[in-house]
Amino acid sequence: MLAFHCAAFVRRGEVMDALLFRTRVTALWLAVAIAATASFLLYVFMPGALEELLAGEMEGEALTDANLFLLAAFMVIPLVMAVVALLVGDGVNRITNLIAGAAYGLFGVFAVVSHVLEGGFNVHVLMAALGAAGALLIAGLSLAALQHPTSEPATPASGSSRPHEATTA
């Protein structure tokens with residue numbers, strides 16, 4: 001499956017590097033998704049939060065369609081990015097994860113800082129901070145992978161259009 005996404009002629013170590021990068025990024029996006037979901041669930045279980053949600057407010061703001069869409073998007077974006085990390089090519093994968101990880105992480109940092117400045121640091125804010133840290137880690141890994149690309153086409157060993165595979169005797 002991974003060979004489909006890599007260049008036609010790739011050395012064995014380069015395929016492993018690409019697979020390792022995809023695995024790490026996918027696992028981190030899933031961890032970010034879990035942190036985002038846990039952050040919302042921990043907020044709901046805070047005293048008075050459920051009543052506030054039923055009254056149409058969340059943290060003192062009215063719940064509008066845009067606010068609900070944003071809340072849903074920040075729970076779905078990490079899941080979509082986990083799938084994207086597995087399905088797109090290496091170069092696009094690194095750039096996409098860099099942009100999405102940086103944007104998600106910076107938004108999370110903004111949310112955590114705004115809560116701390118208001119004087120309300122709860123467990124759900126801690127989970128949001130962990131999610132933001134995971135997203136920024138993804139951006140950092142993607143930046144490092146862009147600076148040190150591993151999937152450079154190697155010269156073909158024969159006239160075959162398939163990658164050279166080691167034969168076992």
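## Basis of the model

Because the model is predicted, local features require pLDDT of at least 70 and side-chain atom pairs count only at pLDDT 80 or more, whereas totals for chains, interfaces and linings use all residues. Residues are numbered from 1 along each chain as its sequence is written, and side-chain values use heavy atoms, with hydrogens and water left out.

## Fold and surface

The protein chain has six helices and two strands (DSSP runs numbered from the N terminus: H or I of at least four residues for helices, E of at least two for strands). Their order along the sequence is α-α-α-β-β-α-α-α.

Of the 169 residues in the protein chain, 30% are buried (under 20% relative accessible area; exposed is over 50% and partly exposed lies in between, with a 1.4 Å probe and protein chains only). The protein chain exposes about 10300 Å², 72% of it supplied by carbon and sulfur atoms; accessible areas come from the Shrake-Rupley method with a 1.4 Å probe, and for residues only the protein chains shown count as cover. Among contacts (heavy atoms within 4.5 Å) with a separation of 6 or more, 76% join residues 24 or more positions apart.

## Thr23

Thr23 lies in helix α2 (residues 12–44). Thr23 is partly exposed, its relative accessible area being 45%. Thr23 and Ala82 are 59 residues apart in sequence, and their C-alpha atoms are 9.3 Å apart in space.

## Packing of α4 and α5

Helix α4 (residues 65–87) packs with α5 at an angle of about 155°, the axes being 11 Å apart. Axes are lines fitted to C-alpha atoms, for helices over the stretch in contact, and angles run from 0 to 180 degrees between N-to-C directions. α4 and α5 are therefore roughly antiparallel to each other (an angle over 145 degrees). The crossing of α4 past α5 is left-handed, meaning that the near helix is turned anticlockwise from the far one by less than a right angle.

Residues making the contact include Leu70, Phe74 and Ile77 of α4 and Asn93, Tyr104 and Phe107 of α5. By class, the contact of α4 with α5 has 10 nonpolar, three polar and no charged residues (nonpolar: Ala, Val, Leu, Ile, Met, Phe, Trp, Tyr, Cys and Pro; charged: Asp, Glu, Lys and Arg; polar: the others, Gly among them).

## Packing of α5 and α6

The axes of helix α5 (residues 90–117) and helix α6 (residues 123–147) come within 7 Å and cross at roughly 150°. α5 is thus roughly antiparallel to α6. The contact of α5 with α6 divides into 18 nonpolar, seven polar and one charged residues. α5 passes α6 in a left-handed crossing.

Note on methods:
Angles under 35 degrees count as roughly parallel, over 145 as roughly antiparallel, 65 to 115 as roughly perpendicular and the rest as oblique.
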